[in-house]
Amino acid sequence: MNEYDLRDLTLAGVQWELTDVPFILSVSSSNNTNVPTPDNNINIHSDIRTRTQTSIVPPIAPTQSMSVATANAMAARPIDMDSLNRMIAEFNHPLRSGATKVVLPHAAPNPNGMVIITDVPSGDDDASGKILSGAAGELLDKMLAAIKMSRDSVSIVPLIFWRTPGGRAPSRDELDLARPFVNRALELLKPRLILTLGTLSASEIGGVSLPRGHGVINELPDGTQMMPIFHPNYLLLKPAAKRDAWNALQTVEKLLKTA
C-alpha cells in the first residue's frame with residue numbers, strides 16, 4: 001500500500017494520522033528539498049519521520065458543555081484581539097480538557113491585510129501553544145518569505161483552538177462551537193484577503209473543495225476575497241504540488257500590492 005493513499009490523507013489537512021498499523025508520526029531529522037520558485041533557490045525542510053505506536057481515535061465528539069448561543073454571546077464582547085484571545089482561553093469548549101494547551105490566533109503586529117485560516121492544531125502546536133509550528137510551520141514561513149512576507153505581516157487563525165484527540169477530524173458540533181470566535185477574529189482583523197490552508201478550511205470558510213479550487217480567488221458574501229491553497233502538510237507529502245502553491249502565492253503577492 002502506498003503510504004500516502006486515502007486521497008493523500010485528505011490532501012493532508014491532516015484529518016487522520018494513518019498508516020497500515022496505528023502509529024503517530026514524529027519528526028526525527030530533516031533533509032532539504034526545493035521550493036518551486038522560478039530559480040529554485042529557496043530550500044525547504046522536508047522531515048524524515050519516525051513512528052511511535054499509539055491508538056487511532058474514533059471521530060466521536062465529547063459532550064458539548066456550552067451552546068453555540070453562549071459562544072456567540074461571548075465572542076461578541078471582545079473589542080480587540082487581545083481580549084478575544086483571553087475569551088478563547090477561558091471558553092469551556094469540550095476539546096479543552098483533552099488538549100495540552102490552547103492554540104490562540106496570531107494577530108500580526110504589522111498586518112499587510114492577509115489572514116491565514118488553518119484547521120486543527122498539530123501535536124507540535126499542542127505542545128508549544130503556537131499555531132503552525134513544527135515542519136509545517138517551517139514550510140509556511142519559507143513560503144511567506146518567498147513572497148517577501150513573514151508571520152509579522154500576516155495573522156493566522158485556526159478553525160479549532162484545541163488539539164482533537166489523536167489529531168482526528170473535528171466534529172460538526174466542535175467546529176460550530178468554535179466558529180463564533182473565528183468570525184469575531186475576522187471582524188476585528190478586517191482582512192483584504194483570506195488565505196485558507198487545506199481542505200477543511202477551504203470548505204468551512206468559502207465552501208470550496210480542493211484540489212479543484214486551489215489558487216482560485218473567491219469573493220465571500222461580505223466582499224472579502226478568499227484563496228484556498230494546499231496545507232503545508234500536503235506539500236511535505238507531495239513536493240510536486242509546490243509549483244501550484246508557488247503560482248498561487250505569486251497571485252497573492254500581486255493582489256495585496258494592488259489592493
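Predicted model: local features only at pLDDT ≥ 70, side-chain atom pairs only at ≥ 80, totals over all residues.
Visitor: What is the strand order in the open sheet of 5 strands?
Guide: The order is β4-β3-β5-β7-β6, with mixed pairing. Strands are DSSP runs of E, at least two residues, numbered from the N terminus. Two strands pair if DSSP finds at least two bridges between them.

Visitor: Which are the edge strands?
Guide: β4 (154–158) and β6 (218–219). Each pairs on one side only.

Visitor: In which sense do β3 and β5 pair, parallel or antiparallel?
Guide: Parallel, over 4 bridges, between β3 (residues 114–118) and β5 (residues 193–197). I116 has L195 in β5 as its bridge partner.

Visitor: And how many bridges join β5 and β7?
Guide: 5, in the parallel sense. L197 is bridged to I229 in β7.

Visitor: What about β6 and β7?
Guide: That pairing is antiparallel, over 2 bridges. N218 has M226 in β7 as its bridge partner. The hairpin has 5 residues between the strands, and G223 there takes a positive phi near 95°.

Visitor: Is β7 mostly covered or uncovered?
Guide: Mostly covered: 4 of the 5 residues of β7 (residues 225–229) are buried. Buried means under 20% relative accessible area, with a 1.4 Å probe and protein chains only.

Visitor: Switching topic. How many residues has the largest nonpolar core?
Guide: 64. Such a core is a set of buried Ala, Val, Leu, Ile, Met, Phe, Trp, Tyr and Cys residues joined through side-chain atoms within 4.5 Å. Those with the most contacts inside the core are M114, I116, I117, F181, L195 and V252.

Visitor: What is V252 in contact with?
Guide: M114, I147, M149, L193, L195 and M227, leaving aside neighbours within four places in sequence. Contact means heavy atoms within 4.5 Å.

Visitor: How much space lies in the second largest pocket?
Guide: About 190 Å³. Helix α6 (residues 172–189) gives the largest share of the lining, 4 residues. The lining includes R179, E187, I205 and D222. It divides into 6 nonpolar, 2 polar and 3 charged residues.

Visitor: How is a pocket defined?
Guide: On a 1 Å grid over the protein atoms alone, a pocket is an open set of points where a 1.4 Å probe fits, with protein on both sides within 12 Å along at least five of seven lines. Lining residues have an atom within 4 Å of a point.

Notes
Residues numbered from 1 in each chain as written. Heavy atoms only, no water. Points joined across faces, edges and corners; volume = space filled by probe spheres on them. Nonpolar A, V, L, I, M, F, W, Y, C, P; charged D, E, K, R; others polar. Buried < 20%, exposed > 50% of the residue type's maximum accessible area, 1.4 Å probe, protein only.
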